[in-house]
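Subject: Structure for you to look through

Dear colleague,

Here is the structure that I promised to hand over, with the sequence alongside it.

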Amino acid sequence: KRCGEEKKMRGSCPARLFQVRLRNPCGFGVLPARAAAMASPAVSPDSSSHEGLSSVNSAPACSPTSDSENLSPDELELLAKLEEQNRLLEADSKSMRSMNGSRRNSGSSLVSSSSASSNLSHLEEDTWILWGRIVNEWDEWRKKKEKLLKELIRKGIPHHFRAIVWQLLCSATDMPVKNQYSELLKMSSPCEKLIRRDIARTYPEHEFFKGQDSLGQEVLFNVMKAYSLVDREVGYCQGSAFIVGLLLMQMPEEEAFCVFVRLMQEYRLRELFKPSMAELGLCIYQFEYMLQEQLPELNIHFRSQSFLTSMYASSWFLTLFLTTFPLPVATRVFDIFMYEGLEIVFRVGMALLQFNQAELVQLDMEGMSQYFQKVIPHQFDSCPDKLILRAFQVKYNPKKMKRLEKEYATIKNKEMEEQIEIKRLRTENRLLKQRIETLEKESAALADRLIQVASKIAIFLFSA
């Protein structure tokens, strides 16, 4: 009963105001008030209940045998219970589809619907308990139950826990830069006009960011401006606003700023957003190798149509699929990114190409562009788990990626050396041209003098 009342409060209280200490009925400890505040988001990433349902259904569906040597009997029992309920939900869903396809009486449908609702309620409660314990015992889970934690994150972090879990995953809970945030907002940035121009293009259909004077646009401007002052080399890059926007849907602006700083520093994003975008070039190079190795037929077709990898994959790396998928699906990918880094972008990208290879090889360049824009983004709207499953079936070799990184660095160094040599030769050529021009002028002057001398001699001889 207490758990049910607290869930009602969580659904009605914004993140900034919710200060109740969360307790669970199974003696799994207390979620601190600060964690509770961050566990209940101010804004949902999607107005529909689809994303929350996906997280609830999928979060506990991991193997209870993972890291079993580090789990207590209570934890093993809870995980087994969650797994069993997940199976029941899946079976019930199948039976519902079967009944809808046949002419059964409405009473049976009502019983099945009631059963599904009851199972979902228990599953949501158990998921809340499990993740509450994970947050309270974070250090222990990171050190001793890492494999299990990874499986749970791949199944989806429950929406109410994303704020605190994301901060814990990137170690952004106690960053000194947070104390500078209010002072940074008082300063002016050379990127302000550019940020203001692009803000309206960031999640334009999302309620939180709609309207020129909306709270979402204001806090997004604040965070982007603050970062442009902290990191003047990067300043502002348009794709980064989508990442910050997602963070702001989950947590207050100060916390979002700290998480973004950590992502830029520790998750290769800073190199992606530098003016040279050297890291993006590396990612495209590595992805092209995977494409050539795993989907040679599609790779040949892309080349024959001059359909460059950068034309469709650049936004995948720069926005982490936030401009590709609807938010419920993109947020699932982002959950995994927070734990496993850019690897998930390679995996999801290859999974999409594998899934659509048969259709893509039939299209020309224009057809493929339209297919990437209109068809691919919505293929997994109703089943993000299917996308994640396919992504982790993709072959990904970290050692090979490291080798490709060195290979790319060698190529770039050689290109740089060639550019330096070309620059040197151009400089020498320019100097030689200048020398020739000088010599030509001197030659012309000598010719004039010779003519003058010859004229004087001729006059002298004639007069003599």
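Predicted model: local features only at pLDDT ≥ 70, side-chain atom pairs only at ≥ 80, totals over all residues.

The chain has 22 helices and two strands, and of its 464 residues, 46% count as buried. If you take the contacts in the chain with a separation of 6 or more, residues 24 or more positions apart account for 74% of them.

Two pairs of helices show how the packing can be described. Helix α7 (residues 146–154) packs with helix α18 (residues 327–340) at an angle of about 155°, and their axes are 9 Å apart. Since angles over 145 degrees count as roughly antiparallel, α7 and α18 are therefore roughly antiparallel to each other. On the α7 side the contact is formed by Glu-146, Leu-149, Lys-150, Ile-153 and Arg-154, which meet Arg-332, Asp-335, Ile-336, Tyr-339 and Glu-340 in α18. Sorted by class, this contact of α7 with α18 has six charged residues and four nonpolar ones, with no polar residues.

The second pair is helix α15 (residues 278–294) and α16, whose axes are 5 Å apart and which pack at an angle of about 120°, and that angle makes α15 oblique to α16. Here Leu-291, Gln-292, Glu-293 and Gln-294 in α15 meet Pro-296, Leu-298, Asn-299 and Phe-302 in α16, and the residues of this contact divide into four nonpolar, three polar and one charged.

A search of the whole structure finds 25 aromatic pairs, and in one of them the rings of Phe-307 and Phe-372 have their centres 5.7 Å apart and their planes at 40°, so the pair is tilted. This pair links distant parts of the chain, because Phe-307 is in the loop between α16 and α17 while Phe-372 is in helix α20, and the two are 65 residues apart. Both partners are buried, with a relative accessible area of 5% for Phe-307 and 12% for Phe-372. The two also belong to one aromatic cluster, which is formed by Phe-287, Phe-302, Phe-307, Tyr-312, Trp-316, Phe-317, Phe-321, Phe-325, Phe-346, Phe-372 and Tyr-396.

Trp-128 has its place in helix α5 (residues 106–136) and is buried, with a relative accessible area of 11%; from C-alpha to C-alpha, Trp-128 and His-160 are 8.7 Å apart in space, although they are 32 residues apart in sequence. Tyr-408 lies in helix α22 (residues 398–463) and counts as buried at 14% relative accessibility. Tyr-408 and Gln-286 are 122 residues apart in sequence, and their C-alpha atoms are 8.6 Å apart in space. If the neighbours of Tyr-408 within four places in sequence are left aside, Tyr-408 is in contact with Ala-278, Gly-281, Leu-282 and Tyr-285.

Finally, there are two residues whose backbone deserves a second look. Most residues other than glycine have a negative phi. Ser-306, however, has a positive phi of about 55° although it is not a glycine, and Leu-320 likewise has a positive phi of about 55° without being a glycine. Ser-306 is found in the loop between α16 and α17, where it is partly exposed, with a relative accessible area of 48%. Leu-320 lies in the loop between α17 and α18 and is buried, with a relative accessible area of 2%.

Methods: Residues numbered from 1 in each chain as written. Heavy atoms only, no water. Axes fitted to C-alpha atoms, helices over the stretch in contact; angles between N-to-C directions. Helix = DSSP H or I, 4+ residues; strand = E, 2+ residues; numbered from the N terminus. Parallel < 35°, antiparallel > 145°, perpendicular 65-115°, else oblique. Contact = heavy atoms within 4.5 Å. Nonpolar A, V, L, I, M, F, W, Y, C, P; charged D, E, K, R; others polar. Phe/Tyr/Trp six-rings, centres within 6.5 Å; stacked < 30°, edge-to-face > 60°. Buried < 20%, exposed > 50% of the residue type's maximum accessible area, 1.4 Å probe, protein only.
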